[in-house]
Amino acid sequence: MGEKLFQTRTVPSNQQVVDSRLKPTAEMHILIGGPYTLAGEEHRYGHTALRIKVGGVDVTYDFGRYGETRGLFGEAGDGILRVWSDFNAYIGAENRLGRKTIGFVYSLFEHQAKASIAFFDQLILAGKPLPHKNRANLKVCKLVNDYHALGPNCTTLSVDGARAALPAIDRNAEKFIKPEAVLSNSERFALAAKGGANRLFLPVNLQSLLASGSPVKAIRVDQHGG
């Protein structure tokens, strides 16, 4: 007999595809490096970087004063973005400094992770590649905007990249702007002379925000080195 009119048939679904749309499959790591002492010199300020894992991509964005520096305290300089395609290479370099790095890990959907990557891609596209500074698993670019201690700096740029994926990540940040946690009296005086900070800019303050103040909660907190 032929099929009856209007007879329905169940078409098997691709469960894996369905699940990937309903469950976050990517990750974002906000990496906060602590102070360290090297060759007798104390480095108090800390460091922030952003790692994105999505599909087969695992990239770490590392912005800082990796070029010429300027200012009384060396607070300004070329804005250099280092892009690591091997996390072990990045964190190994941090560990060798004697630095402890705390990683706040967040689940992302693929489109959120790609939004963060697109944010950095736009900065890189507008900037200037520095191929002579490249090495295995590392590409280096000078961004249009210079680095400044108050921003753009490692923390503000990492937060901007994280916010492209999770817009509420730094909500309440203004309550955690506490330069006295790191800066000397003379540095705080210079900061006040410039009108103070209008956004969170210190890694240790960001760590406090993510640990207890952000409405977006990490799925876990990793520790590297130390």
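Analyst: Here are the answers, starting with how the model was made.
Analyst: This is a predicted model; local features need pLDDT of at least 70, side-chain atom pairs count only at pLDDT 80 or more, and totals for chains, interfaces and linings use all residues. Residues are numbered from 1 along each chain as its sequence is written, and side-chain values use heavy atoms, with hydrogens and water left out.

User: What does the pLDDT of the chain average?
Analyst: The average is 89, and 88% of the residues score at least 70. pLDDT is the predictor's confidence in each residue, from 0 to 100.

User: Where does pLDDT stay under 50?
Analyst: Residues 3-8 stay under 50, with 1 contact beyond four places in sequence. Contact means heavy atoms within 4.5 Å.

User: New topic. Which residues of α6 are buried?
Analyst: In α6 (residues 203-212), they are P203, N205, L206, L209 and L210. Buried means under 20% relative accessible area, exposed over 50%, partly exposed in between (1.4 Å probe, protein chains only). Helices (H or I, at least four residues) and strands (E, at least two) are DSSP runs, numbered from the N terminus.

User: Why do they line one face?
Analyst: Seen down the axis of α6, the buried residues fall within an arc of 155°, so they line one face. The arc is taken from the directions from the helix axis to the C-beta atoms. On the other side, A211 and S212 are exposed.

User: What covers the buried residues of α6?
Analyst: The cover includes β1 (26-33), β4 (47-54), β9 (100-108) and α4 (154-165).
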